[in-house]
Amino acid sequence: MKTIIEPFRIKSVEPIRQTTPGERQRFLEAAGYNLFQIRACDILIDLLTDSGTSAMSTGQWAAMMRGDESYAGSDSFYRLKQAVQDLTGFRHVIPAHQGRAAERILFTVMCKPGSVVPNNTHFDTTRANIEYRGARAVDLPLPEARDTQLQLPFKGNMDVAALEALIAEEGPRNMPLVMVTVTNNSGGGQPVSMANIEAIREVTRRHGIPFYIDACRFAENAWFIREREPGYAGWSPRQIAQKMFSLADGCTFSAKKDAFANIGGLLCTRDDRLAEQEKDLLILTEGFPTYGGLAGRDLEAIAVGLEEVLDPDYLQYRIASTAYLGRHIADHGVPIVEPPGGHAIYIDAGRMLPHIPANQFPGQSLAIELYRHAGVRSVEIGSVMFGENARHQLLRLAIPRRVYTQSHIDYLVEAILEIDERKESLRGFEIVTQPEFLRHFTATFRPVDKN
Ligand SMILES: *Cc1c(COP(=O)(O)O)cnc(C)c1O
């Protein structure tokens, strides 16, 4: 049957609030046209992020009740460690309050000023943490992936020839680690193939460079491998994920994505000496290594979430639901990053709104209009977020896990198609104020005058 049904039923509901377009215009003005500055209660459908916004299961809530809040040696930590080791095989499992805390610790220990860190595409916090350390973050996506309209099964792959060239240019000693992000979030939520991960492993092994996975969406990536990569159709998502991790020396992980947790992160490694340094730093800013800035109950939620996310019924529904949104707008003429990714649909706002130049932020303009028109919050991934490094002007519609139903998705499709009918009326924006780092969170904007 074709109808997508959620593989769960609802036990507890959370009301969402309708507002009028006039009210929303006032909220926009008060927020400096920055959707991060709008109160969540003034939003109908919140697609700002899939991070920390998952609905937890009865299994997770039940596990939270047995959270062991001991400062040192909590049982909850040992349960989490076991779950992570069964999945990843990494010897050291270091909890942190979220993914970026794991990143900061990793790069503080491994990088020095002048170091170069390649990635298929760095996520914004990853890039910021590397640059804050005085090191250089280099994106090495496939050259073909620049074309948002091109259909490729593994468009998130790293350009391994470019990695070889970069190593030759910089020297392996200047490269403390190579990372690959699965799925490639900033590259459109596109998957990375097992063959690509194996190729990166081969190159890094040859040059003696540690290889880390930014594993935020490891389960979604595993599902794409099973669906698209020859030889994996008979594998379980867990077996595929285990193989991915077996190829790496360590990982960073935000439990706010594919662990259905509302908070949490992990830093894993096979290296005993690094782990000691990382734990020393952890104690300074996060907490003792058996809780890492989290409550025992959070550790429990992550441990259970890591099991649930690999359920084939869940992953099939998850990927089908995202593709449904993508196909229904793209087949009516709204350009998206093709093919639909795992956790989000990215509208190519630069292509949809060619009358708005990149320095007037077409993605921001579309985000603002989608909120004003339908109460939907989304996020610009373009020149607001990445400045001059932006490859595209995208609008990301990130789908929280297990939260919205198919009728929410149908409402969203209708809203986007209505805006598309009158897209020529949308205007550009300019920045009024901005901070030094990660400006998209707090910058304020104003519409550019017509003429
Ligand atoms: C979310 C994310 C991070 C950072 O994790 P936080 O928990 O938000 O700090 C890092 N990398 C990728 C690819 C992400 O999606």
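Which N or O atom in a side chain is 2.7 Å from a nitrogen atom of the ligand?

Author: It belongs to aspartate 214: an N or O atom of that side chain is 2.7 Å from a nitrogen atom of the ligand, a polar contact being a pair of N or O atoms within 3.5 Å. This is a predicted model, in which local features need pLDDT of at least 70, side-chain atom pairs count only at pLDDT 80 or more, and totals for chains, interfaces and linings use all residues. Residues are numbered from 1 along each chain as its sequence is written, and side-chain values use heavy atoms, with hydrogens and water left out.

Around the ligand stand 15 residues, of which Arg100, Asp214, Arg217, Ser254 and Lys257 come nearest; a residue counts as near if one of its heavy atoms lies within 4 Å. By class, this shell holds six charged, seven polar and two nonpolar residues, where Asp, Glu, Lys and Arg count as charged, Ala, Val, Leu, Ile, Met, Phe, Trp, Tyr, Cys and Pro as nonpolar, and the others, Gly among them, as polar. Helix H4 (99–110) and helix H5 (124–132) are the elements that give two or more residues to the shell, and H4 supplies the largest share, three residues. Helices here are DSSP runs (H or I, at least four residues), numbered from the N terminus.

How values were computed: Polar contact = N/O pair within 3.5 Å; in protein donor to acceptor, adjacent residues only side chain to side chain.
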